[in-house]
Amino acid sequence: MLTSGEGAARGPSTHAARVLQQGLEYLGHGWQLVPTFGISPDGRCTCGQAHVGTAERTRGKHPIQRSWQTHPITDDEQLQAAVERWPMMNLGVLLGPGSGVIDIEWDDETGKQTAQRLGLTKIITPTYRSGRSAHRLFRWDERLPKSAVA
């Protein structure tokens, strides 16, 4: 899942408007969205937990709802309702066939060699960095082996 809208230092109304605008753009791409906890103006996760140590990576990025994988936001009305209910939320994109997007990450030299062999490192595609490595976003393809999609 990708997240957007991190950092709500501008306050709830400005943040909510920005998340709504970004969400409408994402829905226009056909992406399914997941409401995630946000970051309060004082820098804490809006879920209320401390997120120390390794949990720090999920601060403001983890799903609000337990059923996020099976009940994503798929239309403007659902998005508006979510923003009204959780004005400090962030958004994630549900990766997989529903959104048509897959995130490919290689964590080690073997993974990088496989990506090079498949020509993935030469393709210009949206890329972002996580704490472990670079992630590259590609269009979903039904020919992907089920074992590779986890």
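Good morning. Arginine 44 counts as exposed, with a relative accessibility of 55%; here exposed means over 50% relative accessible area, buried under 20%, and partly exposed in between, with a 1.4 Å probe and protein chains only. Please note that this is a predicted model, in which local features need pLDDT of at least 70 and side-chain atom pairs count only at pLDDT 80 or more, while totals for chains, interfaces and linings use all residues. Residues are numbered from 1 along each chain as its sequence is written, and side-chain values use heavy atoms, with hydrogens and water left out.

Let me stay with arginine 44. Its side chain meets that of aspartate 42 in a salt bridge, at 2.6 Å from N to O. A salt bridge is a side-chain nitrogen of Lys or Arg within 4 Å of a carboxyl oxygen of Asp or Glu. By this rule, the count is 2 salt bridges. Aspartate 141 and arginine 143 form a salt bridge as well, with their closest N and O atoms 2.5 Å apart. Of these residues, aspartate 141 is partly exposed at 25% relative accessibility, whereas arginine 143 is exposed at 72%.

I turn to the cysteines. How many disulfides does the structure hold? The number is 0, a disulfide being a pair of cysteine sulfur atoms within 2.5 Å. For cysteine 45, the closest cysteine sulfur is that of cysteine 47, and because the distance is 3.5 Å, the two are too far apart for a bond. Cysteine 45 is buried, at 5% relative accessibility, and cysteine 47 is partly exposed, at 23%.

Next, the overall fold. The protein chain has 3 helices and 6 strands; helices (H or I, at least four residues) and strands (E, at least two) are DSSP runs, numbered from the N terminus. Their order from the N terminus is β-α-β-α-β-β-α-β-β. Among the 150 residues of the chain, 35% count as buried.

Finally, consider helix 2, which spans residues 76-85. Which of its residues are buried? They are Leu79, Ala82 and Val83. These residues lie on the same side of helix 2 because they cover an arc of only 95° around the axis, the arc being that of the directions from the helix axis to the C-beta atoms. On the other side of helix 2, Glu77, Glu84 and Arg85 are exposed. At the start of this helix, the backbone nitrogen of glutamate 77 has a side-chain oxygen of aspartate 75 within 3.1 Å. Thank you for your attention.

Notes. Polar contact = N/O pair within 3.5 Å; in protein donor to acceptor, adjacent residues only side chain to side chain.
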